[in-house]
Amino acid sequence: MTQSNITVQGPRTPLNEFWFYFKQNRGAVIGLAYVSFIVLLAVLADVLAPHSPTDQFREFILTPPAFSEGGSSQFLLGTDGVGRDILSRLMHGARLSLLIGLFIVSISLIMGISLGLFAGYFGGFLDTAIMRISDILQSLPALLLAIGIVAVLGPSIVNAGLALSLVYLPHYIRLTRASVLAEKNRDYVISSRVAGARSMRLMFITILPNCLAPLIVQATLGFSNAILDMAALGFLGLGAQPPLPEWGTMLATAKEFIQSAWWVVTFPGLMILTTVLAFNLMGDGLRDALDPKLKQ
Amino acid sequence: MTAQEKNIVLRGEGLKQHYEVSQGFLKPKGIVKAVDGVSFEVAAGKTLAVVGESGCGKSTLARQLTMIETPTAGSIEFNGKNLLALTGDAKKEARQRIQIIFQNPYGSLNPRKKVGHILEEPLVINSEMTPPDRKERALYLLEKVGLKAEHYDRYPHMFSGGQRQRIAIARGLMMNPKVVVADEPVSALDVSVQAQVLNLMMDIQKEFGLAYIFISHDLSVVEHIADEVLVMYLGRVVEQGPTEQIFKNPKHPYTRALLSSTPRIKPEQRIEKIRLPGELPSPMNPPLGCAFHGRCKYANDQCRHITPELIAKEDGSKIRCFAYEEGRLDY
């Protein structure tokens, strides 16, 4: 018999294992790196930003970026229509946008999962009631509904966040409910029931982990949607109020310079685009890494 | 002999399961009689096999016994106590003693949990055991079913079908059950693996004194494992008796047809292939009289109009057939 050199591997810790599968998806790793970079920018904005996001340098209005003709090394990405440093505003805007995304996604995720679980698991009247309400929410155009809610609550960034959470709620409810319906009659759920598990345990410990994959993808997509819709609300004057350096508000206030000063629109737009893309890539990788069926 | 002398652990009496089915708007609701008056008893250490074709109510019976579904009528006695009347802690306790093994080992293990977690779940729910004690018990049973300690930290998808069924068996044993209901436990497995799993089940039965309710459509498997056989047709028992009786001397035409479809190695055991015309009738609209009359070549007018009773014979078997009673059968 030939001696074989098989190295025996101990069982990996969950975190190790997660990373092992996550890193096989290159796009996801790039997404994660970019998201980490943005998070770092957001956290360290006070230290990194060369200027205050609200300081207006009146003598430098609409200065082009440093690398193009007429630029100044004082303002690396140029200044906007009232002379504020775009780079500093983008860094502080990252903080705002990430917080908004996190706030909206957490609220709608927690509520959506709970409602979806109850609707799918118990069925009957509860199911009908929850689903009809979510139908009503979905039948209204998302932005219109958000505008309506903000109009009632009063324009502010927190109220806009709450409004958007409510707007996204039906997606999570539907997604959760559909997965729960597919899972709840599987044999492993029944065998847990035979073992004596009660409804709460069955819902949250047995069934929920098997429904998470589509929810994670939806949540990451929701993160980018939240940033985009918040920008739209900001544009209408119902979200972030000037001079808050929110990316969407920056885009909106720069629309008059689209033809004359490209950098004022381009950089906030690029930030939104790349951040949204990074979140989507990361979401895909997360789904693959969290799904044991895709592991070898 | 009384029930105690025979050590009867589980007894079903006139079990029925009827479902209401909507037939359309404003039409009267139809009733599906999935199980219609089944009685049986099984002793500790013995195996009762329930056989019949798809849709005859075998699995519904299994779901009743494990309290997944509540029978429409009838009673289930476990150790002399009526299961259906139990409440609270007594019910919880009884529930632990009757476990089920499912047909498909790819669906019966939670794909998100490690084997250790799957095995320990019944203990987490039902006992006050500490984590090290739970782990010890899980490892002990893993070894009993022929798996290794290193499998404790793996996910179900890392195992083959046979190994998964071993895990399912180990899980069923965690709470020291007295009765294990096995719903086609080997029909999803390769033939070579079937034999291993069956032998494992028989070893475990001997060691722990379990009573099995073994549901199957595969008669060669049943002959191997069962002490008594219950043949079901359309929710009813048509023939019941010791395994040897049923296999050597099948009385009911349906049992005979079932047996003739089982491949035999020895020529003298072969029965001439009996082809049953037609299909299993819909349980929503069962035929009048004997449910089997449409497919039975011995059926006469009486069979078509009157439902035969299950009649006990002196050799310990029971049969539900007019043609047998009247000696009209030609075998």
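1. How many salt bridges does the rule count over all chains? The count comes to 23, where a salt bridge is a side-chain nitrogen of Lys or Arg within 4 Å of a carboxyl oxygen of Asp or Glu.

2. The model is predicted, so local features need pLDDT of at least 70 and side-chain atom pairs count only at pLDDT 80 or more, whereas totals for chains, interfaces and linings use all residues. Residues are numbered from 1 along each chain as its sequence is written, chains are lettered from A and ligands numbered from 1 in the order in which they are written, and side-chain values use heavy atoms, with hydrogens and water left out.

3. One salt bridge lies within chain A, where the side chains of A:Asp135 and A:Arg132 meet at 2.9 Å, N to O. These two residues are three apart in helix H5 (residues 124–139) of chain A, and therefore about one helical turn separates them. Helices (H or I, at least four residues) and strands (E, at least two) are DSSP runs, numbered from the N terminus.

4. In chain B, four strands form an open sheet in the order E2-E1-E4-E5, with antiparallel pairing. Two strands pair if DSSP finds at least two bridges between them. Strands E2 (30–43) and E5 (81–82) of chain B stand at the edges; each has a single partner strand, so one side of each is left without a neighbour in the sheet.

5. Within this sheet, strand E1 (residues 8–21) and strand E4 (residues 73–78) of chain B pair in the antiparallel sense over five bridges. B:Leu10 has B:Phe78, in E4(B), as its bridge partner. Helix H2 (residues 58–65) of chain B packs on the sheet and touches E1, E2 and E4 of chain B; contact means heavy atoms within 4.5 Å. The direction of H2 makes about 115° with that of E1(B). Axes are lines fitted to C-alpha atoms, for helices over the stretch in contact, and angles run from 0 to 180 degrees between N-to-C directions.

6. Between the chains, 26 residues of chain A are in contact with 29 residues of chain B. The two chains bury about 2,400 Å² between them, 53% of it on carbon and sulfur atoms; buried area is the accessible area (1.4 Å probe) that two parts lose on being put together, summed over both.

7. Across this interface the rule finds one salt bridge. The side chains of B:Glu121 and A:Arg201 meet in a salt bridge at 3.1 Å, N to O. Helices H8 (187–194) and H9 (199–235) of chain A are the elements that give two or more residues to the side of chain A that touches chain B. H8(A) gives the most, with seven residues.
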